[in-house]
Every structure is written in structure tokens, then in C-alpha cells.
Amino acid sequence: MMYSVSPKIQSATTPLYLAPQQESSRELYFAMLEERGGITGQIDELARSTSRSFLREQLSVAAEIDADFPPEMRSLPEVLRNAHDQTAQAYRHYLDGRHAGSPRRYFSCRSHAMYFLRAVAPTKLVDGSWLYGLLQYWQDSRLAPLIHTYLEELGCGNPLQNHVLLYKQLLARYGCDNWQDGPDEHFTQGAVQLALAHHAHEFLPELIGFNLGYEQLPLHLLITAYELNELDIDPYYFALHVTIDNASSGHARKALQSVLDGMPRIGNARDYHRRVGNGYRLNLVGMGTPQAIASFDLEQELLRVFADKALIGAKLHSDYCLIAGRSVSDWLSSPGEIADLLRTLQSAGWIRRGESPERSRFWRLLTDEQAPMFGVFDGYEQQLIRDWILDDAGTKPTARTTNRFHRRQTAGHVEEAAAVPQSGIKIEQIIAHHADEAPRRSSCSDVDILFQQLAGVDTKAKAFAVLAGMLSPANHPTPPGLAATRLYADLFSR
Ligand SMILES: [Fe+2]
């Protein structure tokens, strides 16, 4: 069966592409982030073989998707340019509609947007990971632009620019960091990206094609950034990707160049084209942004959250408080009755839907200082309850024409770069400089151990052999990983 869909124009009704009998994406995802080798960045043998067969399964799913990858490689630049123009036009159309008073297209309310942030967290928290395996090819100039892309995903070791850390901070800021127990389909894309990271040698054309698809500017990225901002959620992470992936000089340009540069001169060009195209389509397996947004149902999500809390809270309430003659513990011991409990709370006047949440006694029990349930619900869950109480009053878009979130200051990054010694200096001196500059926590000696392992290293090749593992998806967002990335980026640019 062939599906027809373009990565740029996929809609909320786009079907979910999943392999029929795949491994658990979630288990595999976490297994690939649990590196046994520490500094080596290696995953264990079982995770290695499982991820290999998982990747093969996903590629066979991808092969059935009819994306906009052209049959002739020479028409690829034009096809991508046209797709980019279509995206720009579609966004213009969206903005015109919004300015004329149309409602938000994606997020019905603030908790809907926060639900989305959690749903795509497994993918965003391994951002750029598919490029990790290319570090072994640092001497191949054709792949150097993609290694640069990877280093930029890692913020070149600057925590303020590391995409994974930026997303972590975003989740924490809005109380959305409880994403680990989401359904399996939330983890498929992240698992694909991690599998590519650890099988770059075997799946190099697919990896290059995947990168090309990933770095194209999708309409959903533009709309997501716009609507997050409207809902008072910092859109910086998404806005950053609009600029960094740009087609004229950004990651998208590098991605296209790497596809063209990788064309075999003597080998089988048709096979290369097929495999690159297959990797391009691999972007569409699992749950993407449109499906993640469309899967939100406020009522169902609310019931899920209350059922989760009931498992923990059933035995923690006293018997003094009765609702419709039954103790809270009694209500919570039957998770199937949560909907009845919420209806009873409304008819008893504890919840007044359609009014300001502050007028509901139940809301005040959650949020007032020293309230008995203060801290039980995280930021996302509170927003969900708030939006549900507000009912349709909470779904009206708020007009906002200016971005209230300021761009991050990059001064720290510039200062760091300026402090790096100029080229012409010996490798040992560059390493010593980074060892002096790396920030340490007194409780963490990993950074010291990293530089001890670099003692006596006097060539780029030896330095990269030590450093590469610390740039792995699991290691790079840590203090020694950031220190290793700064040194790696410094040496790579010389
Ligand atoms: Fe990124």
C-alpha cells in the first residue's frame, strides 16, 4: 500500500505510520540512552541488536510512504525550493486569517499546548542525535557540514545554546517534565533517531536522507511558535529552529549539500538515491507534530490525570471529608468512577464550570497557600484543570501582536569563543586551556576525569577518540559532555 503525504504539508488527519509488530519504542528509547560504556558512548549489545532490527522495521514502513522525494536526484533542489515557497505562502495565508479574526489553528487552550510539549518531549530531548554517529567520519570533508550541524545542535558546548538543555528547561519552566510514561507512539521518532545515531556506518545514506527531511522548514513549526507565544508559553526553542534550519545558509542548505556530495561516482547511484529517499521518508514514521496536537482531548486527558492521582491518593485521605455521603478514599478507590466524582463535585458546587477557577472551592484546595492538596498536581495538570473549569471561556484566543519573550542573550557564548586561543597553538595547549576554563561542581569530578584522560594527547585524532563518546546523545547535555563538546568544536574548526 502506498500513502501519499509530504513532510511539509502533512495535516492533523495524517495517518500514524507504525510498524505492525515493532519492539516497544519506549523501552528501546531508554535502553539507548543508558550507555554502559560511560565515556565510550556505546550502548550494550542487546540494545544494539534490537535497535538495528527496529530501524530495519521502521525503514520498511517508511518505504511505503509516498513523500515528495523526487525520482531524479537533479530535481531535488528545485523540489525543496518549491516546498519551502509553499510553506511560506501557507504561513502568510495563516497569518492573514488570524489577523482577520480566525481562531487558533492548533491549540484550543493553554493545556493543549502543554500537552503537545510533553507529547513531543521524547523526540526533542534527543534533538540532533541521528548525526552523532558521523563523528567517526571527521576526516571526510563531505560530511563536515553535518558534523557542524551536530555541534550546533549541541550549542558547541554552551549550555544556553544546547537544544536538548533548552527543551529540558522549557518543560521544567511550565511543569511539563513528567513525560516519561507517555504512550509508545510518542517514543517512535526519538527511538528512530537514536538508532540512526548508533548505526551510522550501516545506514549512512538513510541517515543523510533522514537529515534532509528533518531539516526542511515545516508549516507546523511556524504555527506552533506563533500560537505558543499567544498562550504565554516561551516559543524560543521553536523559533530558534525556524532560523537555524533556514534553506539559504542554515542546516537545510548543509543537508542538501551533503546528499549531493555523497552521490557515488563509481558505485550504485540508483541504490544510493533509493536509500536516501527512504531515510527522508523515515521522518514520517511514529507520531509527528500534527498527530500529537490532534490527539488531545481535554476531558479524556483530565480523567487520565485524575485516575493516575487516584492510584496514589486513594489511601492518603482522611474519612472526615464526605462527597455525596462517600469518603474521598472510597471515591478514589474506584478509578472508573472518576467522571462521577467530578460530576458530583460540580452538582455540590465545589466546582463551578464556566466561571473563574478562583470561584471554585476545589481549585482553591489545590492552589491556595497551605491548601491541603497544594503541590499534588504539577504545572501541566493544574493548567488542564483550570482550562476544564473555565470550559469554553478558556478557549478563546488572545490577540497578541508582539513577542513578549526576548531572544536569549548569546554574549556568554561569544565571550567563550573569544577566550579560545587562536590557531597555530599546539593541541596540548588547547586542551590545557579548556581544562582551566571548564566549570566544575565540587560534587562532580567527571570534568576532571575527562581531562585526565586527555593527558598526553597531542593530535586531533587522539583527542577526538577520547572526546567522541562524551558527545553521545546520553552524554552531551552533562557537565563533562558540554566540556568535551566545547573542546571538540574548537579543535574541529581548526
Ligand atoms: Fe535542534
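How many residues does the largest nonpolar core have, and which of them have the most contacts inside it?

Modeller: The largest nonpolar core has 142 residues, and Tyr-167, Phe-238 and Phe-451 have the most contacts inside it. Such a core is a set of buried Ala, Val, Leu, Ile, Met, Phe, Trp, Tyr and Cys residues joined through side-chain atoms within 4.5 Å. Buried means under 20% relative accessible area, exposed means over 50%, and partly exposed is in between, with a 1.4 Å probe and protein chains only.

Some ground rules come before the details. This is a predicted model, in which local features need pLDDT of at least 70 and side-chain atom pairs count only at pLDDT 80 or more, while totals for chains, interfaces and linings use all residues. Residues are numbered from 1 along each chain as its sequence is written, and side-chain values use heavy atoms, with hydrogens and water left out.

The pLDDT, the predictor's confidence in each residue on a scale from 0 to 100, averages 85 over the chain, and 85% of the residues score at least 70. Residues 393-403 fall below 50, and this stretch has 17 contacts in the model beyond near neighbours in sequence. Residues 406-422 are also below 50, with 20 such contacts. A contact means heavy atoms within 4.5 Å. Where pLDDT is low, the predicted coordinates should not be read in detail.

For the chain as a whole, buried residues make up 52% of the 494 residues. The secondary structure comes to 24 helices and 4 strands, where helices (H or I, at least four residues) and strands (E, at least two) are DSSP runs numbered from the N terminus. Of the contacts with a separation of 6 or more, 76% join residues 24 or more positions apart.

Take Tyr-167 to begin with. Not counting residues up to four places away in sequence, Tyr-167 touches Leu-117, Val-120, Ala-121, Lys-124, Leu-125, Tyr-237 and Phe-238.

Leu-166 sits in helix α7 (residues 163-173) and is buried, with a relative accessible area of 6%. Leaving aside neighbours within four places, Leu-166 is in contact with Leu-160, Gln-161, Tyr-236, Tyr-237 and Leu-240. The C-alpha atoms of Leu-166 and Gly-155, which are 11 residues apart along the chain, are separated by 9.8 Å.

Phe-451 belongs to helix α22 (residues 446-453), where Val-447, Leu-450 and Phe-451 are buried. They cover an arc of only 90° around the axis, which puts them on the same side of α22; the arc is that of the directions from the helix axis to the C-beta atoms. An α-helix has 3.6 residues a turn, so residues three or four places apart point the same way. The buried residues of α22 pack against α21 (427-437), α23 (460-467) and α24 (479-492).

The iron ion is the next item. Its protein donors are Asp-127 (OD), Glu-153 (OE), His-163 (ND1) and His-241 (NE2), at 2.1 to 2.2 Å. Donors are N, O and S atoms within 2.8 Å of the metal (3.2 Å for Na, K and Ca), and sites may look incomplete because water is not among the atoms. In sequence the donor residues are spaced D-x25-E-x9-H-x77-H. Asp-127 lies in the loop between α5 (121-124) and α6 (144-153) and His-241 in helix α11 (residues 236-244), 114 residues apart, so that this pair links distant parts of the chain. Both Asp-127 and His-241 are buried. The 4 donor atoms subtend angles of 83 to 169°, which makes the arrangement irregular. Four donors count as tetrahedral if all angles lie between 85 and 135 degrees; four count as square planar and six as octahedral if opposite donors are over 155 degrees apart and all others between 65 and 115; anything else is irregular.

Helix α5 also holds Thr-123, which counts as buried at 9% relative accessibility. Beyond neighbours within four places in sequence, Thr-123 is in contact with His-186, Gln-189, Gly-190, Gln-193 and Tyr-214.
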